[in-house]
Amino acid sequence: MNVRLAAQTLSSSVADAIGFLNLSMKLSEFQNSDGTMKFIRMIDRLFDMLNSRSPLGKGYKQPLRPASKDIWTEILMSTATDTCSV
């Protein structure tokens with residue numbers, strides 16, 4: 001799969017759209033889509049973190065460096081915890 005297409009498909013804006021269709025539009029096709037939204041947001045955050053290289057990035061979008069180890073360790077640990085609890 002094209003990485004750009006995967007990044008667009010598994011983006012937070014797609015999760016936002018699913019949430020809108022579920023909560024605001026109340027479409028039955030999107031009922032019980034909370035797990036899907038959580039998964040998409042998790043993958044989007046991991047992709048941004050692992051694809052970061054801009055020295056001006058903040059939070060999880062900054063490059064992985066020893067100085068930012070607390071930030072990316074927390075993200076990886078929370079992702080592992082969330083994944084194991086499903």
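I take the axes as lines fitted to C-alpha atoms, for helices over the stretch in contact, and I let angles run from 0 to 180 degrees between N-to-C directions. The model I am reading is a predicted one.

**Entry 1, the pair H3 and H4.** With that definition I looked up how H3 packs against helix H4 (residues 69-84), and I noted an angle of about 150° with the axes 11 Å apart. Listing the contact, I found Lys38, Met42, Arg45, Leu46 and Met49 on the H3 side, and Trp72, Ile75, Leu76, Ser78, Thr79, Asp82 and Thr83 on the H4 side.

I then turned to H2, residues 12-23, whose 12 residues reach 16 Å from the first C-alpha to the last, close to the 16 Å expected at 1.5 Å a residue. Which residues of H2 are buried? I found Ala15, Ile18, Gly19 and Asn22. They lie on the same side of H2, because the arc they cover around the axis is only 100°. Looking for what covers these buried residues, I noted that the cover includes helix H3 (34-50).

Stepping back, I counted 4 helices and 0 strands, which run α-α-α-α from the N terminus on. The C-alpha atoms fill a box of roughly 45 × 30 × 25 Å along the principal axes, and 24% of the 86 residues count as buried. Among contacts between residues at least 6 apart in sequence, I noted that 39% join residues at least 24 apart.

Conventions:
Residues are numbered from 1 along each chain as its sequence is written. This is a predicted model: local features need pLDDT of at least 70, side-chain atom pairs count only at pLDDT 80 or more; totals for chains, interfaces and linings use all residues. Side-chain values use heavy atoms; hydrogens and water are left out. Helices (H or I, at least four residues) and strands (E, at least two) are DSSP runs, numbered from the N terminus. The expected span of a helix is 1.5 Å times one less than its number of residues. Buried means under 20% relative accessible area, exposed over 50%, partly exposed in between (1.4 Å probe, protein chains only). The arc is that of the directions from the helix axis to the C-beta atoms. Contact means heavy atoms within 4.5 Å.
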